[in-house]
Amino acid sequence: MPQNNEEYPTLMAQAGPLNGQRWALDKTMVIGRETDCDIIVPSRQVSRFHARLFTTPEGTSLEDLGSKNGTHCNGQIVIDPVLLQDGDVIQIALAQEFVYISSDATLPLEALPVEERDLVKAGQNRLRLDKRSRRVWVQDDEVLPPLSVSQFQLLELLYEHQGRVVSRDLLISTVWGEEEAVGISEQALDALIRRLRDRLAAFDAQHNYIVTVRGHGLRLDNPTEW
């Protein structure tokens, strides 16, 4: 069963059949299709015992267990055990994607006592983003299921430049990469922007966070008033 314990690193599923679920890495965790696994991915692409996460003196490591369709970390095939860092993306075959969150990731606002929460909110933006854990909050609510990788990349770029206009060309090259950007249409970017707006509106329909500045690009409007 998914767990969440702030004292341990966390594995969060962000794409695939387990999207949005989380597990506290408080022990060795085996990922696979077999029902005996700690994290079960119900896909024929996934081996019965596909990969495992285990603790070393240096931190949490990822090991492929001789899977048929492979395990990747940040796009690189895992051959030998890999020591994980905050925000590392783990891909199990083509079936399931996870993100690794270390135990010192930003504490969610809802975990604070009410009196401390009010003090924090006084000078805080309505939309908050933690790029290490790839988590997003709108006011008091965490955006769940998590944003897709492309939605998060788009929002992260705007968040880093909030209050300033970001050109459409920079948005495209950041989300799709320099090589792929040449073949990306304006319509593809518009569709991504629309999906991101819809996700944020589900948590705060009273405010438009992503503002189009015609002829220039996009700007994140992120007020402090709640």
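Tutor: A definition is needed at the outset: rings of Phe, Tyr and Trp (its six-membered ring) pair if their centres lie within 6.5 Å. Please keep in mind that this is a predicted model.
Student: How many aromatic pairs does the structure hold?
Tutor: The structure holds one aromatic pair. The partners are W23 and F98, with 6.0 Å from centre to centre and 70° between the planes.
Student: Is that stacked or edge-to-face?
Tutor: The pair is edge-to-face, because planes over 60 degrees apart count as such.
Student: Where in the chain are the two residues?
Tutor: W23 belongs to strand β2 (residues 22-24) and F98 to strand β11 (residues 96-101).
Student: Are W23 and F98 buried or exposed?
Tutor: Both W23 and F98 are buried.
Student: And what lies over the face of F54?
Tutor: That is R52, placed at 4.1 Å from the ring centre of F54.

Student: Changing topic: how many salt bridges are there in the whole structure?
Tutor: A search of the whole structure finds eight salt bridges. As background, side chains of opposite charge can pair when their charged atoms come close.
Student: Let us take K27; which side chain does it meet in a salt bridge?
Tutor: K27 meets D38, at 3.6 Å from N to O.
Student: How accessible are K27 and D38?
Tutor: K27 is partly exposed, with a relative accessible area of 44%. D38 is partly exposed as well, with a value of 27%.
Student: What about R135; which residue is its salt-bridge partner?
Tutor: R135 forms a salt bridge with E142, and the closest N and O atoms are 3.0 Å apart. R135 counts as buried because its relative accessibility is 6%, and E142 counts as buried at 12%; the cut-off is under 20%.
Student: Which residues are linked with them in a network?
Tutor: The network of salt bridges links R22, R135 and E142.
Student: And which residue pairs with D190?
Tutor: D190 forms a salt bridge with R168, with 2.7 Å between the closest N and O atoms. This pair links helix α5 (residues 186-201), which holds D190, with helix α3 (residues 168-176), which holds R168; the two residues are 22 apart. D190 counts as partly exposed at 32% relative accessibility, and R168 counts as partly exposed at 22%.

Student: Turning to helix α2, what span should it have?
Tutor: Helix α2 (residues 149-160) has twelve residues, so at 1.5 Å a residue it should span 16 Å. Its end C-alpha atoms are 16 Å apart, which agrees.
Student: Which residues of α2 are buried?
Tutor: The buried residues of α2 include Q151, F152, L154 and L155. E156, L157, L158 and Y159 are buried too.

Student: Finally, how many helices and strands are in the protein?
Tutor: There are five helices and 17 strands.

Key: Residues numbered from 1 in each chain as written. Predicted model: local features only at pLDDT ≥ 70, side-chain atom pairs only at ≥ 80, totals over all residues. Heavy atoms only, no water. Phe/Tyr/Trp six-rings, centres within 6.5 Å; stacked < 30°, edge-to-face > 60°. Helix = DSSP H or I, 4+ residues; strand = E, 2+ residues; numbered from the N terminus. Buried < 20%, exposed > 50% of the residue type's maximum accessible area, 1.4 Å probe, protein only. Lys NZ or Arg CZ within 6 Å of the ring centre and 35° of its normal. Salt bridge = Lys/Arg side-chain N within 4 Å of Asp/Glu carboxyl O. Expected span 1.5 Å × (residues − 1).
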